[in-house]
Amino acid sequence: MKIFKLSKNKSDYSIETLANHLSNVRKFLLTNKIALEVSREFGYDKDILLGIPISFSSDLDVSAKTTDGEMTLNTELIEEGYEIMLRYVIHELVHVFQHMENKEKKDLYPNHEYLDRPDELQAFQYQIEFDESARGEKSVIEYVEELLDYHDIPAEERVDKAVELMDNI
């Protein structure tokens, strides 16, 4: 199992810089109460967090992605700031554990809209819980509004979807 990998893609960041960011992400995972809560919910102790493959890539068309249990973070998150990056780490951590539970299933909810998928809902709920603890309620409300806008949630569904997304806080 890879402890971490660095993208071979052209990046503005040195390997040393990316390795330092990965080290900070690992420290965060081992000490953050929400990361530890996610781990426990899926039946693991914190030691599992040391072995999750994590990489940076400048080729992602999204902020972060998990494929076959490997978390990849867009190098652009470095510019967004540490708390924003960690928001995505929490979201992807949930997906890593979901992939571990469902190794043979690539798409568990092919007929669901993105924000209606139970796997995404669970990941967003933890992400929002982290954001609330790190940046406060006002930031969460702004983030959820942006999320609903990005996914074109109709006006008549927005309140219910916001409540559902913020269920953990």
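How many helices and how many strands does the protein have? In this predicted model, the protein has seven helices and four strands.

**Whole chain.** Next, display the surface: the accessible area of the protein comes to about 9,600 Å², and carbon and sulfur atoms account for 48% of it. Of the 169 residues in the protein, 45% are buried. Contacts may then be considered: among those between residues at least 6 apart in sequence, 61% join residues at least 24 apart.

**Largest nonpolar core.** The largest nonpolar core has 33 residues; Leu29, Leu73, Val89 and Leu93 have the most contacts inside it. To see which elements give two or more residues to this core, select helix 1 (15-31), helix 2 (33-41), strand 2 (54-57), strand 4 (70-74), helix 3 (76-80), helix 4 (82-101) and helix 5 (118-135). Helix 4 supplies the largest share, ten residues.

**Leucine 29.** Centre the view on Leu29 and leave aside its neighbours within four places in sequence. Leu29 is then in contact with Ala35, Leu36, Leu49, Ile54, Val89 and Leu93. Two of these partners, Val89 and Leu93, are themselves among the residues with the most contacts inside the core.

**A separate core.** Finally, select Leu115, Tyr143, Ile153 and Leu165. These residues belong to another core, of twelve residues, which lies apart from the largest one. As a general point, nonpolar side chains in soluble globular proteins tend to be buried together.

Definitions and conventions. Residues numbered from 1 in each chain as written. Predicted model: local features only at pLDDT ≥ 70, side-chain atom pairs only at ≥ 80, totals over all residues. Heavy atoms only, no water. Buried < 20%, exposed > 50% of the residue type's maximum accessible area, 1.4 Å probe, protein only. Contact = heavy atoms within 4.5 Å. Areas by Shrake-Rupley, 256 points an atom, 1.4 Å probe, with all protein chains shown as cover. Core = buried A, V, L, I, M, F, W, Y, C linked by side-chain atoms within 4.5 Å.
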